[in-house]
Amino acid sequence: MQEINNLWNIVLEKLELSVSNVSFVMWFKPLKVVDMTENSTLFLSTKSTFAKNQILKNYFDKLKSATADVFGENVEIEILDPAEEAQYIAKNKPKTATLDVEANKNPFNPKYTFNNYVVGKCNQTAYAAARAVAEKPGKTFNPLFIYGGVGLGKTHLLHAIGNYIREASPKLKIKYVTCEQFTNDYIESLGSASKTKTYSEFRDKYRSCDVLMVDDIQFISKKTSTQEEFFNTFNDLHQYGKQIIISSDRPPKEIETLEERLRSRFTMGLIQDLQSPDFETRVAILRKKCQIEKYSITDEALSYIADKIDSNVRELEGMLSKVCFLSNLIGKTTADLNDVKEAFDDKYEEKNEGGANADQIISAVCEYFDISHADIVGKKKSKDIVEPRMIAIYMISEMLELPLVTIGKIFGGRDHTTIMHARDKITDEMKHNRKTQTFVSEIKKMLTSG
Ligand code: ADP
Ligand code: MG
């Protein structure tokens, strides 16, 4: 079974290259191998009946041909929705091996490379510094501190360094974490009476690496004990010439309540900022994305997007993928200015809201994820219910601006802090998680199309 899963991963890699990122994340990535029978039928499970139907309707040919390339022409594919999956497993008891993808997974997004990074006036020095550090880790600027506003490419640069070093010096141990992960790891290592994750393990993990990257360090500002621990980690690594790379949404001097000694450590190496890209760079970034994601769009349409969105690259990309997704849906091969204008109008309408009420929002979410009303407001804690529930809470809070307590009542009398937690979690995911962004925008579309 492990072998089948490995082959399946190859199928996924092929699909990732042959379809748009949105389609991949929405439809193919969630597929799981349930079984492969002796007469070569591959059973795949989906997250919902909706997903199953979408795949059968729109993507089956692509799926079939990628699978045939890897498993051979004879393979048959059966797609199961969650209910069918449960039945299948009960009846056939396949030897499903849960595969350990986490263990040796590359933490770096393969698309976030130096090659895919567009260099302009706004980022040329940060780019040059990142390259220098990637080429000679520990030998040039240490630490390298990169800061800049949301969506300007900090994470991309960190991953590019990671991808570069992995390739050029595969023996070097690279540790990439967000500040949040570092904090959680540290706290867990302290609290674990169970001895599953001890402090010494934590120390080993962070002090045995050759390159340590901490993304979004600004979140360390209020956590004094984590600051202390990071200070010690920093000193240990630095002393042995290990490379440290840090990103932040602001320069060290503006991170409030940052201990002075840590602030001074951050300024020991090189501090570089990322500015918002100018028009030409924005156009170049959009072109690059088209090339990577295989989008087709007219020049005129591209310039329109670059003109309208002028600060955040993530938004720029989001608009591009939305436009191409929409034009694709109506069967066009190349997106044009009309599609762009429609997408912008849509954005405007989204802000105005189509007048949907909480019930309609909940119904749309239920329909989209193929779950029942009773479950979404009920007590179940399984992931396939919790995620839609949080999305519904987020959408109601964002679109209707109802008080948290009221939303709590709608969701079976939940506490307002629970509601707040769900809302904040999705708000955060909406900033960087393409899948969540797509869910929300598609559900909104269901609402406006009646
Ligand atoms: P940050 O971490 O600063 O919030 P990210 O690194 O996540 O921003 O970048 C947001 C998106 O914009 C990513 O998809 C990234 O690839 C893209 N991006 C940002 N800057 C550039 C650039 N100069 N060239 C190409 N893509 C970029
Ligand atoms: Mg980031």
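Let's start where two helices touch: Glu387, Ile391, Tyr394, Met395, Glu398 and Met399 in α17 meet Phe439, Val440, Ile443, Lys444 and Leu447 in α20. Contact here means heavy atoms within 4.5 Å, while the helix labels come from DSSP runs numbered from the N terminus (helices are H or I with at least four residues, strands are E with at least two). The residues of this contact split into eight nonpolar, no polar and three charged. In that count Ala, Val, Leu, Ile, Met, Phe, Trp, Tyr, Cys and Pro are nonpolar, Asp, Glu, Lys and Arg are charged, and the others, Gly among them, are polar.

Before going on, a word on what you're looking at. This is a predicted model in which local features need pLDDT of at least 70 and side-chain atom pairs count only at pLDDT 80 or more, while totals for chains, interfaces and linings use all residues; side-chain values use heavy atoms, with hydrogens and water left out. Residues are numbered from 1 along each chain as its sequence is written, and chains are lettered from A and ligands numbered from 1 in the order in which they are written.

Back to the helices. α17 covers residues 383-400 and α20 covers residues 434-448; they pack at an angle of about 65 degrees, with their axes 11 Å apart. Axes are lines fitted to C-alpha atoms, for helices over the stretch in contact, and angles run from 0 to 180 degrees between N-to-C directions. α17 passes α20 in a right-handed crossing; right-handed means that the near helix is turned clockwise from the far one, and left-handed that it is turned anticlockwise, by less than a right angle.

α17 has another partner, α15 (residues 358-369). The axes of α15 and α17 come within 10 Å and cross at roughly 150 degrees, and this crossing is right-handed too. On the α15 side you'll find Ala358, Ile361, Ile362, Val365 and Phe369, which meet Pro388, Ile391, Ala392, Met395, Ile396, Met399 and Leu400 in α17. What kinds of residue make up the contact of α15 with α17? They divide into twelve nonpolar, no polar and no charged.

Now look for the sheet. Strands of a sheet pair through backbone hydrogen bonds, either parallel or antiparallel. Here, five strands form an open sheet in the order β5-β6-β7-β4-β8, with parallel pairing (two strands pair if DSSP finds at least two bridges between them). β5 (174-178) and β8 (270-274) stand at the edges with a single partner strand each, so one side of each has no neighbour in the sheet. On average, neighbouring strands of this sheet are turned by 15 degrees against each other, direction ignored.

Buried means under 20% relative accessible area, exposed means over 50%, and partly exposed is in between (1.4 Å probe, protein chains only). β5 pairs with β6 (residues 211-215) in the parallel sense over five bridges, and Thr178 stands opposite Asp215 in β6.

Two helices lie across strands of the sheet. α6 (residues 154-168) lies across β4 (144-148), β5, β6, β7 (243-248) and β8, running at about 160 degrees to β6. α9 (residues 224-239) lies across β6 and β7, at about 140 degrees to β7.

The loop between β6 and α9 is worth a stop. Asp216 is found there, with a positive phi of about 60 degrees although it is not a glycine. Asp216 is partly exposed, with a relative accessible area of 23%. Gln218 has its place in that loop as well, but is buried at 8%. Leaving aside neighbours within four places in sequence, Gln218 is in contact with Ser247, Ser248, Asp249, Arg250 and Ile255.

Another positive phi, near 60 degrees, belongs to Lys294, also a residue other than glycine. Lys294 is in the loop between α11 (279-293) and α12 (299-308) and is exposed, with a relative accessible area of 55%. For a cis peptide bond, go to the step from Asn142 to Pro143, where omega is near 0 degrees; Pro143 lies in the loop between α5 (124-135) and β4.

Last, the cysteines. With a disulfide taken as a pair of cysteine sulfur atoms within 2.5 Å, the count comes to zero. For Cys290, the nearest cysteine sulfur is that of Cys324, 5.7 Å away. Cys290 counts as buried at 10% relative accessibility, and Cys324 is buried at 6%.
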